[in-house]
Amino acid sequence: MRHENPTITRAQQPSSSSVSSSRPGPSAPSPALVVGGTGMLAGVVRGLVADGRRTAVVARSEEALNAPADGAGPAGEVLPLSADYSDAGRFRAALRRARREAGLFRLAALWVHTPGRETALPVVAEVLAEDAVVVDVRGSAAADPTRERVPPPSVLDRAPRDYRPVVLGFTDGPAGPRRLTHQEISDGVLAVARAGTRPAREDFRHWTIGRVRPWHDRP
Ligand SMILES: NC(=O)c1ccc[n+]([C@@H]2O[C@H](COP(=O)([O-])OP(=O)(O)OC[C@H]3O[C@@H](n4cnc5c(N)ncnc54)[C@H](OP(=O)(O)O)[C@@H]3O)[C@@H](O)[C@H]2O)c1
């Protein structure tokens with residue numbers, strides 16, 4: 001039984017060859033936005049701050065918002081944004097305040113529950129730079145192998161924006177398949193956010209942290 005760190009894989013369309021984009025990576029420490037950043041993505045916030053980015057973090061709980069940068073070091077800075085992403089008006093007001101303070105976001109990591117996506121994603125799109133890298137985290141139900149493709153939200157997946165969907169899978173422990181830990185999820189999301197290029201649109205589907213096949217193995 002394997003029980004090493006989960007792998008991060010790129011799912012591609014089965015019939016096409018792999019062509020890399022020549023877009024420069026998100027290496028400059030431009031401002032970042034993490035929506036849903038106090039739970040399993042808290043490590044993403046720490047990583048982006050350690051990269052020297054001013055990082056706006058959205059969650060409802062102000063108490064939790066004060067915690068995620070602990071141990072991140074002085075490189076960047078956290079802008080805590082207490083807002084409910086399913087309340088478009090307040091969410092927009094909070095993001096606009098952050099944009100005024102930090103500038104347009106050139107990198108975003110999103111963990112938005114399915115019922116909130118329709119309201120939240122268009123509001124997020126308003127504060128992103130035209131060529132922003134957007135890492136969109138999806139639960140593994142979105143990657144049910146019986147489905148052909150994770151449907152991308154058109155409001156975010158619009159060139160020159162660099163839309164990077166990431167599916168949370170599961171991994172293997174000593175006792176068999178298990179769920180990913182928060183650290184494993186954050187490490188995987190950071191790796192995708194820091195990647196210099198994304199595969200070309202025509203042959204790219206999504207990244208997977210861990211595995212989703214065979215689907216009946218899921219814990
Ligand atoms: N393998 C898989 O496919 C998969 C899929 C889903 C979840 N999981 C696991 O399930 C666990 C629980 O998931 P979870 O969703 O509770 O994740 P979580 O990352 O622990 O918490 C959700 C994050 O989103 C914020 N949030 C939630 N609703 C919000 C709203 N309406 N407006 C603004 N921010 C909001 C939360 O802060 P506030 O509550 O303060 O707003 C928090 O920062 C995770 O730890 C993960 O390991 C696994």
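Me: What share of the 219 residues of the protein count as buried?

Reply: A residue is buried if 20 or more other C-beta atoms, placed from the backbone, lie within 10 Å of its own. Here 41% of the 219 residues count as buried. Keep in mind that this is a predicted model: local features need pLDDT of at least 70, side-chain atom pairs count only at pLDDT 80 or more, and totals for chains, interfaces and linings use all residues. Residues are numbered from 1 along each chain as its sequence is written.

Me: What is the mean pLDDT of the protein?

Reply: pLDDT is the predictor's confidence in each residue, from 0 to 100. The protein has a mean of 83, with 77% of its residues at 70 or more. Watch residues 13-27, where the pLDDT is below 50.

Me: Why is strand β7 largely enclosed by the rest of the structure?

Reply: Strands are DSSP runs (E, at least two residues), numbered from the N terminus. Strand β7 covers residues 162-168, and seven of its seven residues are buried, so the rest of the structure largely encloses it.

Me: Which residues point one way from β7, and which the other way?

Reply: In a regular strand, side chains alternate between the two faces of the sheet. From β7, D162, R164, V166 and L168 point one way, while Y163, P165 and V167 point the other; all are buried.

Me: How many bridges join strand β6 to β7?

Reply: Two strands pair if DSSP finds at least two bridges between them. Strand β6 (residues 128-138) runs parallel to β7, and six bridges join them. V135, for example, has R164 in β7 as its bridge partner.

Technical notes: Contact = placed C-beta atoms within 7 Å. Buried ≥ 20, exposed ≤ 12 C-beta atoms within 10 Å, placed from the backbone. Helix = DSSP H or I, 4+ residues; strand = E, 2+ residues; numbered from the N terminus.
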